[in-house]
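Subject: Structure handover

Hello,

Here is the structure I promised to pass on. Please open it alongside this note.

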Amino acid sequence: MYICLCKSVTDKQIRRAAAKGVDNLYELRESLGVASGCGTCASAAQEILAETTSKRGRPSLYVPSPV
Ligand code: FES
C-alpha cells in the first residue's frame, strides 16, 4: 500500500528500510524521500517505522568471554 504518494513509497519499502537499520523519520526521509513533499504521510510512516523497529527488538549485548 502506498504511504507516501508524493514520492511513491510503499509500506513494504519503509519496512525494508527499518530492517536495514533506519529508525527515525529523518533517516527515512534521507533514504526514501518520505515526508519530503507535502508531509501528509509523516505520521503513517512513523507508525510503520515504530511498529517494525519494536518487532526487531533491541540488539543483544555482546560480552566477550575471557580466553
Ligand atoms: S505524501 Fe509523502 S510527502 Fe506527500
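Below is what was found in it, starting with the whole chain and ending with single residues.

**Ground rules**

This is a predicted model: local features need pLDDT of at least 70, side-chain atom pairs count only at pLDDT 80 or more, and totals for chains, interfaces and linings use all residues. Residues are numbered from 1 along each chain as its sequence is written.

**The whole chain**

The protein chain has 3 helices and 2 strands. Both kinds of element are DSSP runs, numbered from the N terminus: helices are H or I with at least four residues, strands are E with at least two. Read from the N terminus, the order is β-β-α-α-α.

The protein chain has 67 residues, and 22% of them count as buried. A residue is buried if 20 or more other C-beta atoms lie within 10 Å of its own, exposed if 12 or fewer, and partly exposed in between; the C-beta atoms are placed from the backbone.

Contacts come next. Two residues are in contact if their C-beta atoms, placed from the backbone, lie within 7 Å. Take the contacts in the protein chain between residues at least 6 apart in sequence: 49% of these join residues at least 24 apart.

**Helix α1**

Helix α1 covers residues 11–19, and its buried residues are I14, A17 and A18. They span an arc of only 100° around the axis, so they sit on the same side of α1. The arc is taken from the directions that run from the helix axis to the C-beta atoms. K12 and A19 are exposed, on the face of α1 turned away from its buried side. Just after α1 comes G21, with a positive phi of about 115°.

D11 is in α1. D11 is partly exposed, with 17 other C-beta atoms within 10 Å. Leaving out residues up to four places away in sequence, D11 touches M1, I3 and I48. D11 and M1 are 10 residues apart in sequence, and their C-alpha atoms are 5.9 Å apart in space.

R16 is also placed in helix α1. R16 counts as partly exposed, with 14 C-beta neighbours inside 10 Å. R16 and L49 are 33 residues apart in sequence, yet 9.7 Å apart in space, C-alpha to C-alpha.

**How α1 meets α2**

Helix α2 covers residues 25–32; α1 and α2 pack at an angle of about 115°, with their axes 11 Å apart. The axes are lines fitted to C-alpha atoms, for helices over the stretch in contact, and angles run from 0 to 180 degrees between N-to-C directions. The two helices, α1 and α2, are therefore roughly perpendicular to each other. Angles of 65 to 115 degrees get that label; under 35 is roughly parallel, over 145 roughly antiparallel, and the rest oblique.

Which residues meet here? On the α1 side they are Q13, I14 and A17, and on the α2 side L28, S31 and L32. By class, this contact of α1 with α2 has 4 nonpolar, 2 polar and no charged residues. Nonpolar means Ala, Val, Leu, Ile, Met, Phe, Trp, Tyr, Cys and Pro; charged means Asp, Glu, Lys and Arg; the others, Gly among them, are polar.

**Loops**

S8 sits in the loop between β1 (2–4) and β2 (9–10). Its phi is near 55°, a positive value in a residue other than glycine. S8 counts as exposed, with 11 C-beta neighbours inside 10 Å.

A35 is in the loop between α2 and α3 (42–56). A35 is not a glycine, but has a positive phi of about 65°. Is A35 buried or exposed? A35 is buried, with 23 other C-beta atoms within 10 Å.

C38 lies in the loop between α2 and α3 as well. C38 is exposed, with 10 other C-beta atoms within 10 Å. C38 and K7 are 31 residues apart in sequence and 9.9 Å apart in space, C-alpha to C-alpha.

**Helix α3**

E47 has its place in helix α3. E47 counts as partly exposed, with 13 C-beta neighbours inside 10 Å. E47 and L25 are 22 residues apart in sequence and 10.0 Å apart in space, C-alpha to C-alpha.

Best wishes
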